Amino acid sequence: MITTKPRLACVDPPRLLAGLDEVYRLDRVGHLTVHGTMPALRADELVALAENIDLRGRGGAGFPFAKKVQAVVESAGRREGRCAVVVNGSEGEPSCLKDTALLLHTPHLVIDGAVLAAEALGAEEVAIAVHRQDVEESVAAAIAERGPSGVPVSVNVTDDRFVAGEGGAVINGISGAPAIPNGRKIRTSDSGLSGLPTLLSNTETFAQLAVAARMGALPYRSVGLPTEPGTTLLTVGGKYVMETPTGVPLTYVLELCGLTAGQAVLVGGYHGKWLDPRSINAATISRESMKKYGARLGAGAVLPIPEDTCPLGETARIARWLAAETAGQCGPCFIGLPALADAIGQVERGGGQAAIDNVRAYVNSVKKRGACSHPDGTAGFVTTALDAFPEEFEAHALGAGCGRPTMGVLPLPEDALPLALPPAPLNPAARDERRPRGPMEKLLVDWSLCQGHGLCADILPPEVLTLGIDGYPSSASMEVPRQLRAQAVRAVRRCPALALRIEE
């Protein structure tokens with residue numbers, strides 16, 4: 001789920017999310033009004049700018065952007081100057097929504113950065129990879145608004161898979177092949193789109209480049225840490241997209257989103273690491289700070305796990321999903337990961353110490369043996385859960401359990417809420433038009449089935465559902481705002497008595 005608009009926070013004024021306090025989506029005119037025209041840079045100037053602001057890839061690995069550009073320049077020099085630019089917007093992890101937010105709300109900023117790089121390199125085309133239909137529509141509309149001049153820009157829908165965001169998988173998907181990793185390391189700077197040297201980077205990376213090119217290096221560095229200048233986008237709790245300067249305390253980020261650290265916070269997404277409460281209180285939003293705790297920001301996902309959910313159950317859910325996301329190219333992935341997920345299920349069902357030992361054995365069996373990084377990342381996710389929640393794993397393994405239900409707080413694809421763009425560009429005089437027309441959907445209670453478990457009230461906010469003094473819902477019919485539909489769907493699925501349904 002993502003809120004109707006990204007949450008603007010921490011930056012005054014915001015950079016990547018500038019203008020979204022006024023309109024839902026910046027069309028071409030609105031974009032130029034907020035950001036101004038785009039300068040032109042030579043390849044050497046592009047490299048210098050990226051070095052001066054220490055621009056890193058924002059898709060997970062954090063590789064220096066300047067080195068990517070330089071590698072493409074050198075490879076293209078051996079290929080008569082031919083090259084391409086690819087924007088990786090195929091956000092396949094349900095806990096990450098920042099690229100989706102950029103491409104839905106400020107697509108021109110992303111395209112600006114990609115076209116700037118393409119013109120500096122003399123690239124033949126810019127290709128943008130996405131997997132959501134609403135994102136494709138937004139980007140296609142932005143391309144049409146810009147007209148046919150300049151470097152050709154296209155938007156390409158690739159498979160909605162976790163592994164589809166890997167560099168080789170993105171190139172394969174754009175080319176019409178299955179969007180899966182190649183199974184062997186091929187540098188896109190040597191051979192990417194159509195076999196050409198290709199500058200491939202994440203959506204946010206190109207948006208940051210567009211901001212920095214307009215501002216210049218020194219003004220860009222005026223925000224954030226001296227060693228890690230600028231801002232970054234985070235997806236917090238699976239639903240808030242916010243922009244923050246580097247160096248801000250992690251606890252402050254959670255507070256701004258109305259969240260607490262709970263039992264622990266998963267940083268970096270489903271291939272990331274759980275931070276314990278002590279680490280959470282000390283950590284800041286920076287590469288160096290996260291490194292101290294063996295973590296990294298990765299694609300910017302920040303996921304607190306509340307006190308009222310079972311961490312082992314949450315781990316089992318995500319492990320099963322990650323196992324199903326295998327590309328099927330190697331045994332450690334398509335055999336080892338399902339076996340690992342099954343072993344966690346055995347712990348959940350009270351399999352004793354032997355079940356925990358099996359989990360650790362399967363973790364060791366898949367590490368450093370995969371055709372891509374998916375087995376390693378999944379094994380790391382399970383390992384960090386074992387380290388963060390040892391008492392819960394032991395309690396379940398020995399049969400007592402932790403006494404908490406699994407609430408499904410870690411997002412999975414079925415929890416996602418598609419966002420439809422408004423039918424026409426908006427202006428400040430028409431702000432009321434942003435509200436969806438027509439009747440809201442309603443959450444209905446079947447009193448003949450309801451047993452007063454109260455789980456629905458733990459999932460839905462009080463403005464939708466409250467419990468009476470008897471512990472039952474205070475109303476049989478409740479309107480569900482569009483931005484809360486995913487939570488309502490989750491409440492329906494979590495009702496043990498099957499007493500809830502959604503109707504128009």
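**Side-chain pairs, burial and cavities**

Phe-162 is buried, with a relative accessible area of 14%; buried means under 20% relative accessible area, exposed over 50%, and partly exposed in between, with a 1.4 Å probe and protein chains only. The model is predicted, so local features need pLDDT of at least 70 and side-chain atom pairs count only at pLDDT 80 or more, while totals for chains, interfaces and linings use all residues. Residues are numbered from 1 along each chain as its sequence is written, and side-chain values use heavy atoms, with hydrogens and water left out.

Phe-162 forms an edge-to-face aromatic pair with Trp-321, at 5.6 Å centre to centre and 85° between the planes. Rings of Phe, Tyr and Trp (its six-membered ring) pair if their centres lie within 6.5 Å; planes under 30 degrees apart count as stacked, over 60 as edge-to-face and the rest as tilted. The two residues belong to distant parts of the chain, 159 residues apart: Phe-162 is in the loop between strand E3 (153–157) and helix H7 (167–174), and Trp-321 is in helix H13. Here helices (H or I, at least four residues) and strands (E, at least two) are DSSP runs, numbered from the N terminus. Trp-321 is also buried, with a relative accessible area of 11%. By the ring criterion, the count comes to five aromatic pairs.

Helix H13 (residues 311–324) also contains Glu-314 and Arg-317, which are three residues apart and therefore separated by about one helical turn. Their side chains meet in a salt bridge, 3.0 Å from N to O. A salt bridge is a side-chain nitrogen of Lys or Arg within 4 Å of a carboxyl oxygen of Asp or Glu. Glu-314 is buried at 0% relative accessibility, and Arg-317 is buried with a relative accessible area of 10%.

How many salt bridges does the structure hold? There are 19. One of them joins Lys-98 and Glu-204, with the closest N and O atoms 3.0 Å apart. This pair links distant parts of the chain, since Lys-98 is in helix H4 (residues 98–105) and Glu-204 is in helix H8 (residues 203–215), 106 residues apart. Lys-98 is buried, with a relative accessible area of 1%, and Glu-204 is buried at 0% relative accessibility.

Another salt bridge connects Glu-392 with Arg-404, and its closest N and O atoms are 3.2 Å apart. Glu-392 lies in helix H18 (residues 390–397) and Arg-404 in the loop between H18 and strand E10 (441–445), so the pair ties together parts that are twelve residues apart in sequence. Glu-392 counts as buried at 14% relative accessibility, whereas Arg-404 counts as partly exposed at 24%. Elsewhere, salt bridges with shared partners join Arg-28, Asp-112, Arg-146 and Arg-214 into one network.

A charge also sits over a ring: Arg-15 lies over the face of Tyr-220, at 5.1 Å from the ring centre. The criterion is NZ of Lys or CZ of Arg within 6 Å of the ring centre and within 35 degrees of the ring normal.

Ala-40 is found in the loop between helix H1 (28–35) and helix H2 (43–52), and at 64% relative accessibility it counts as exposed. Leaving aside neighbours within four places in sequence, Ala-40 is in contact (heavy atoms within 4.5 Å) with Glu-45 and Leu-116.

In helix H20 (residues 485–494), the buried residues include Ala-486, Val-489 and Arg-490. The buried residues of H20 pack against helix H19 (455–459), strand E11 (477–480) and strand E12 (500–503). Ser-474 is found in the loop between H19 and E11. Not counting residues up to four places away in sequence, Ser-474 touches Thr-466, Leu-467 and Gly-468.

The largest cavity is lined by 13 residues, of which Cys-450, His-453, Gly-454, Cys-456 and Cys-495 lie nearest its centre.

Conventions
On a 1 Å grid over the protein atoms alone, a cavity is a set of points where a 1.4 Å probe fits but cannot get out, and a pocket is an open set with protein on both sides within 12 Å along at least five of seven lines; lining residues have an atom within 4 Å of a point.
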